[in-house]
Amino acid sequence: MTTSTYSREHLLSLPHMSQERILAAIDMGTNSIHMVVVRIDPTLPAFNIIAKEKATVRLGDRDRATGNLTPAAMERAMNALRRCQEIARSLNAEDILAVATSATREAPNGRDFLQRVEAELGLTINLISGQEEARRIYLGVLSGVEFNSQPHAMIDIGGGSTELILGDGHEPRSLSSTKVGAVRLTAELVTTDPISTSEFAYLQAYVRGMLERPVEELRSHLRPGEVPRMVGTSGTIEALAVLTAREKHGTIPDPLHGYQFTLRELRDMVNHLRRLNYSDRCNLPGMNERRAEIILAGAVILQEAMTLLGMEAITICERSLREGVVVDWMLTHGLIEDRLRFQSSIRERSVLRTARKYQVNLPYAERIARHALSLFDQTRGKLHDWGEEERELLWAATMLHNCGHYVSHSAHHKHSYYLIRNGDLLGFTELEIEAIANLARYHRKSCPKKKHDTYRSLDSKKHRRMVEQLSPLLRMAVALDRRQIGAIQSITCEHRPSQGELCLHLVPQHANDECSLELWSLDYKKGCFEAEYGLKLVTQLEPQAVAGR
């Protein structure tokens with residue numbers, strides 16, 4: 001596997017781009033101000049989120065008579081922006097990229113407020129259109145979700161507007177922004193608490209009417225037979241995910257990224273929320289007072305959008321507009337030539353970013369990966385039937401198996417598990433991350449055992465079986481580079497079922513190297529393989545000339 005889809009020489013030749021850059025991105029929305037601070041590695045290219053900040057300022061609570069942003073809301077926003085600046089400076093961010101959306105866009109005094117921000121704080125905030133907001137949301141989702149060239153319908157429910165996007169990892173096919181948002185609808189259409197039957201019916205009908213045209217526009221860009229996967233971003237959808245997960249599983253997934261819930265679960269939640277008053281909603285798990293005010297309207301927007309689109313499930317993406325602002329900056333500064341290339345290897349870049357973060361010896365890790373994948377490929381269809389998805393998980397685990405050294409050499413396999421499990425790997429589901437972490441954890445010491453908490457965390461029989469079968473291959477690969485000098489040039493597997501053996505024919509890198517330490521290590525570590533596959537592992541060191549046959 002290559003380290004990137006880009007030319008390293010090309011990237012390093014860009015002016016001032018060979019060093020890591022720290023940037024902050026702010027999304028000043030109708031309900032909240034969000035900021036992320038990122039460290040950009042131009043050699044991948046990729047970015048790592050190092051800090052987040054959120055303040056609920058409710059700029060959408062505008063003056064009913066004039067439509068202006070209120071003095072109180074503007075003051076809340078100024079304080080939040082000042083705090084964001086302080087955090088960005090403390091992390092040595094070289095620049096702050098800021099955008100403003102619906103509330104500021106529509107308020108008569110919105111531009112005056114942006115001028116005040118620039119005058120008092122020295123912070124330039126770019127006002128962007130609904131379409132541009134949708135485009136940048138798409139870029140943010142691209143940085144965190146594997147599309148595999150398949151169509152995805154994305155929805156972002158903000159305080160003042162809802163963005164719908166259709167894309168497949170290439171240029172977006174459809175971008176729309178509609179003036180239905182959780183804050184806006186609550187302020188304009190909800191006066192009863194709990195909401196009355198007549199108000200609820202009107203709220204549903206209004207949302208459906210507003211979303212019909214953008215949904216029709218999105219569907220018109222689907223090709224015959226295409227069924228898109230639905231992805232949701234924004235605090236409202238994340239809050240609904242927390243509620244449905246707590247109701248269904250009794251726990252809240254961490255991270256939320258990749259969590260999926262169904263339209264049926266959402267409908268049940270909407271019916272529950274409509275019967276609660278404000279005080280009851282405040283007592284729901286993970287619900288703050290501000291979110292409790294607007295959650296029902298947000299839930300209705302999502303329910304109607306999914307119904308109109310014919311989507312039975314939605315998957316959470318924790319990356320959105322602010323991350324899209326970062327991706328857009330990377331595009332305009334020549335770090336990414338196009339969105340497709342950025343999208344094509346999210347998983348690979350994320351693994352490499354994590355490896356660098358924990359100071360993994362990459363040349364060594366890549367050698368182990370070559371050995372592990374060679375063993376995987378040669379035994380597939382003979383000893384196991386795992387496919388490309390599991391092969392990729394094995395690669396990721398192999399690249400990161402030694403990252404625990406960052407914490408301590410002692411029990412580093414256990415530290416590797418912890419760092420991988422909590423390392424924010426992008427493009428993988430929570431279950432896949434758990435599997436990668438377990439594979440890495442079992443590269444040494446004990447074989448997988450049910451008494452181990454880490455192993456029990458795998459709630460999928462399929463993934464437990466995968467760890468049982470593939471972790472021995474990783475152990476063998478590690479043994480084959482015991483001195484970490486690349487002693488073994490190549491491996492040829494010979495399955496001898498009649499003798500109950502797997503013979504490894506090993507070709508040394510140097511003709512006079514007996515590879516005695518590698519052979520000893522392989523003999524020492526073969527127990528898990530032999531127990532799992534019911535075969536005896538034998539080795540044969542071949543003359544170097546075998547490589548040229």
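Tutor: Two strands are taken to pair if DSSP finds at least two bridges between them. Please keep in mind that what we are reading is a predicted model.

Student: Which order do the strands of the open sheet have?

Tutor: The open sheet has three strands in the order β12-β13-β14, and their pairing is mixed. The edges are taken by β12, residues 488-496, and β14, residues 536-541; each of these has a single partner strand, so one side of each is left without a neighbour in the sheet. From one strand to the next, the twist averages 20°.

Student: How many bridges join β12 to β13?

Tutor: Eight bridges join β12 to β13, the strand of residues 501-508, and the two run antiparallel. For one place to look at, find S490, which stands opposite V507 in β13.

Student: Let us turn to a helix. Is A396 buried or exposed?

Tutor: A residue is called buried when its relative accessible area is under 20%. A396 has a relative accessible area of 0%, and therefore counts as buried. The residue belongs to helix α16, which covers residues 388-400.

Student: Which residues does A396 touch, leaving out those up to four places away in sequence?

Tutor: With those left out, A396 touches V351, F428 and I436. Separation in sequence and distance in space can also be read side by side: A396 and A369 are 27 residues apart in sequence, while their C-alpha atoms are 8.5 Å apart in space.

Student: How many salt bridges are there?

Tutor: A salt bridge is counted where a side-chain nitrogen of Lys or Arg comes within 4 Å of a carboxyl oxygen of Asp or Glu. By this rule the count comes to 37 salt bridges. One of them is formed by E434 and R421, whose closest N and O atoms are 2.6 Å apart. This pair links distant parts of the chain, since E434 is in helix α18 (residues 430-441) and R421 is in helix α17 (residues 412-421), 13 residues apart. Both E434 and R421 are buried.

Student: Which parts does the salt bridge between R483 and E518 tie together?

Tutor: The side chains of R483 and E518 meet at 2.9 Å, N to O. R483 lies in the loop between α20 (461-479) and β12, whereas E518 lies in helix α21, so the pair ties together parts that are 35 residues apart in sequence.

Notes
Residues numbered from 1 in each chain as written. Predicted model: local features only at pLDDT ≥ 70, side-chain atom pairs only at ≥ 80, totals over all residues. Heavy atoms only, no water. Helix = DSSP H or I, 4+ residues; strand = E, 2+ residues; numbered from the N terminus. Buried < 20%, exposed > 50% of the residue type's maximum accessible area, 1.4 Å probe, protein only. Contact = heavy atoms within 4.5 Å. Axes fitted to C-alpha atoms, helices over the stretch in contact; angles between N-to-C directions.
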